[in-house]
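Visitor: Could you walk me through this one, starting wherever you like?
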Amino acid sequence: MCTLHPEEEAHLAAMALSPSPRTLDSSRPSTPTPCSLFDVCWDDVLIPQVAVYLTLKDLFNLRCCSRTAKKFAEAAMEKRQELHLSGNNSSNIEDGFRVLARCCRRLEVLHLACCRWLTDDLLLPLLANNKQRLVAVNLNECINITALSLQPIIVECKELRVLKLSKCQWLTTGAVDALTLHQSKLVEFDISYCGAIGERCLIIFFRRLNNLTVLSLANTPSVTDQVLIQIGNYCRELEHINLIGCAAISDYGVHALTVHCPRIRTLLIRRCPRVTERSLAPLRQRCLFIDRPLLEGAHNAYSLNDFYPSSFLVY
Amino acid sequence: MSLTPDDCEEPKFVQLKTCEGFIHDVETCLVEQMGTVRDMLLLECSDSTDVIPLAKIEWWIMKMVIHWCRLVQDNSAQKEARDRSSMFIELLEEAKGDDEVVFQLLLAANYLNVESLLDAGTQYLADAITTCGSAEEIRNRFNLQNDIPSDEYEP
């Protein structure tokens with residue numbers, strides 16, 4: 001009869017107790033724990049690390065898959081921090097936007113430029129749910145909303161730093177006055193092509209915007225040398241300014257602006273006929289980017305009037 | 001405690017016990033990648049001979065996680081997201097893994113706080129969803145049952 005050495009007996013006993021070693025290939029237990037996509041932790045993994053890579057189209061597709069998928073998609077929308085719909089004018093966008101307005105609660109960045117379908121009725125619910133965290137709002141060319149939509153943005157978005165309202169013809173002097181009262185921390189501001197705003201309210205407005213670094217006033221007829229002087233006096237952090245098509249400004253205003261804003265790196269002044277090399281030449285030595293090229297034989301003055309500031313007021 | 005791979009010429013080991021009671025001897029330099037275990041060792045200042053219980057991890061998943069940590073260490077120069085994604089796909093192919101393996105790996109990576117595995121696994125999952133062009137394709141891909149009544153469908 002074959003007897004086992006005591007150490008062999010101990011080894012066999014230990015083998016009987018522990019799981020048998022398996023290779024990586026066939027390493028799964030015979031009855032695996034059921035696990036589906038939505039069993040993975042939502043708050044720790046699926047929403048912060050998977051949903052951030054998904055587009056809105058992916059989320060809306062998920063909403064149609066199952067009840068659980070719909071809950072997940074809406075939970076992901078709730079935590080979404082940025083909404084980019086600029087230029088999206090597809091056929092059912094309004095329905096989708098209603099869902100987003102209901103679900104999104106943590107938006108910080110809102111890009112809705114050129115959304116011609118956007119109305120106050122669609123936008124106001126989204127703003128009501130997200131006003132605490134909004135930092136950047138782009139409503140360029142949203143021609144079918146009114147100053148009513150701007151009201152919650154002006155009054156209640158305390159963290160707002162970027163506001164773009166280019167070609168918003170509905171923007172009134174009253175709205176800019178409200179901005180003056182409530183929004184002094186703006187870093188980037190665009191009111192190009194806003195013809196209804198007067199010079200006076202702009203002068204008062206820029207007195208409060210001490211943190212402004214990017215400013216677009218292109219084709220705003222009420223921008224005069226007086227406005228540029230105010231910007232120069234109060235917006236000392238300014239780096240980029242767009243004055244394309246501001247026909248009322250002259251060398252006087254540009255000089256006052258650039259002397260007091262040492263950080264300016266970009267100056268756009270095409271179609272400003274009263275701005276000449278008299279004010280631009282010293283700036284070229286500062287290595288500013290100026291969109292108007294230096295022409296050989298350029299006149300130093302357009303006319304004697306270039307030595308004097310613009311004196312008319314536009315309300 | 002912090003060891004670089006160079007310190008592993010004479011590797012030290014940490015014993016990790018999975019939920020079935022199986023003990024894995026893991027090199028300390030691989031355990032560095034498991035934030036949960038690393039923090040437990042730092043917090044308790046325990047002797048490396050102590051066995052660390054991992055009640056939520058099954059042994060076969062633990063083997064895959066250890067294999068992943070070894071791959072990351074051996075390919076430490078490849079830190080680009082797409083390199084890690086390729087490594088993750090290789091890991092799955094070696095294990096002949098399906099979606100369930102992916103989900104279990106993500107659960108384990110989250111529990112053990114293995115950041116690289118979590119990043120690679122979640123990217124893999126996101127790519128799989130994005131590749132699907134419609135709700136029907138997502139249902140087929142992830143075996144989801146459509147239990148939304150037709151009257152609840154929003155336009």
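Guide: What follows is a talk about a predicted model, taken up topic by topic.

Visitor: Start with chain B, then. How many helices and strands are there in chain B?
Guide: Chain B has seven helices and three strands, and along the sequence these elements come in the pattern β-β-α-α-β-α-α-α-α-α.

Visitor: And what share of chain B is buried?
Guide: Of the 155 residues in chain B, 46% are buried. As for the contacts in chain B between residues at least 6 apart in sequence, 59% of them join residues at least 24 apart.

Visitor: Which way do strand 1 and strand 2 of chain B pair, parallel or antiparallel?
Guide: Strand 1 (residues 13-17) and strand 2 (residues 23-27) of chain B pair in the antiparallel sense, over five bridges. B:Val14, for instance, stands opposite B:Val26 in strand 2 of chain B. The two strands form a hairpin with five residues between them, and B:Gly21 in the turn has a positive phi of about 100°.

Visitor: Where does strand 3 of chain B come in?
Guide: Strand 3 (residues 51-53) of chain B runs parallel to strand 1 of chain B, and three bridges join the two. One bridge pairs B:Leu16 with B:Ile52 in strand 3 of chain B.

Visitor: OK, over to chain A. What is the strand order in its open sheet?
Guide: The open sheet in chain A has nine strands in the order 1-2-3-4-5-6-7-8-9, with parallel pairing. Strand 1 (82-84) and strand 9 (289-290) of chain A stand at the edges with a single partner strand each, so one side of each has no neighbour in the sheet.

Visitor: Can you give me one strand pair from that sheet in detail?
Guide: Strand 7 (residues 240-242) and strand 8 (residues 266-268) of chain A pair in the parallel sense over three bridges, and A:Asn242 stands opposite A:Leu268 in strand 8 of chain A.

Visitor: Now for the charges. How many salt bridges are there over all chains?
Guide: A search of the whole structure finds 14 salt bridges over all chains. One of them is between the side chains of A:Lys131 and A:Glu156, at 3.1 Å from N to O. A:Lys131 lies in the loop between helix 6 (120-130) and strand 3 (136-138) of chain A, and A:Glu156 lies in helix 7 (residues 147-156) of chain A, so this pair ties together parts that are 25 residues apart in sequence. A:Glu156 counts as partly exposed, at 36% relative accessibility.

Visitor: Which residue forms a salt bridge with A:Glu188?
Guide: That is A:Lys164, and the closest N and O atoms of the pair are 3.1 Å apart. Because A:Glu188 lies in strand 5 (residues 188-190) of chain A and A:Lys164 in strand 4 (residues 162-164) of chain A, the pair ties together parts 24 residues apart in sequence. A:Glu188 is partly exposed, with a relative accessible area of 22%, and A:Lys164 also counts as partly exposed, at 22% relative accessibility.

Visitor: What about a salt bridge in chain B?
Guide: The side chains of B:Asp99 and B:Arg141 meet in a salt bridge of 2.4 Å, N to O. This pair links distant parts of the chain, with B:Asp99 in helix 5 and B:Arg141 in helix 7 of chain B, 42 residues apart. B:Asp99 counts as buried at 17% relative accessibility, whereas B:Arg141 is partly exposed with a relative accessible area of 31%.

Visitor: Which residues are linked in a network of salt bridges?
Guide: A:Arg63, A:Glu74 and A:Arg102 are linked in such a network.

Visitor: Last topic, the interface. How many salt bridges are there between chain B and chain A?
Guide: The count is zero salt bridges between chain B and chain A, although five residue pairs are in polar contact, both residues at pLDDT 80 or more. The elements giving two or more residues to the side of chain B that touches chain A are helix 3 (59-74), helix 5 (99-112), helix 6 (115-131) and helix 7 (135-142) of chain B. The largest share, eight residues, comes from helix 6 of chain B, and the residues on this side divide into 22 nonpolar, 11 polar and 11 charged.

Visitor: And what area is buried there?
Guide: About 3600 Å² is buried between chain B and chain A, with carbon and sulfur atoms giving 62% of that area, and 44 residues of chain B are in contact with 38 residues of chain A.

Technical notes. Residues are numbered from 1 along each chain as its sequence is written. Chains are lettered from A and ligands numbered from 1 in the order in which they are written. This is a predicted model: local features need pLDDT of at least 70, side-chain atom pairs count only at pLDDT 80 or more; totals for chains, interfaces and linings use all residues. Side-chain values use heavy atoms; hydrogens and water are left out. Contact means heavy atoms within 4.5 Å. Buried area is the accessible area (1.4 Å probe) that two parts lose on being put together, summed over both. A salt bridge is a side-chain nitrogen of Lys or Arg within 4 Å of a carboxyl oxygen of Asp or Glu. A polar contact is a pair of N or O atoms within 3.5 Å; within protein, one must be able to donate a hydrogen and the other to accept it, and residues adjacent in sequence count only if both atoms are side-chain atoms. Helices (H or I, at least four residues) and strands (E, at least two) are DSSP runs, numbered from the N terminus. Ala, Val, Leu, Ile, Met, Phe, Trp, Tyr, Cys and Pro count as nonpolar, Asp, Glu, Lys and Arg as charged, and the others, Gly among them, as polar. Buried means under 20% relative accessible area, exposed over 50%, partly exposed in between (1.4 Å probe, protein chains only). Two strands pair if DSSP finds at least two bridges between them.
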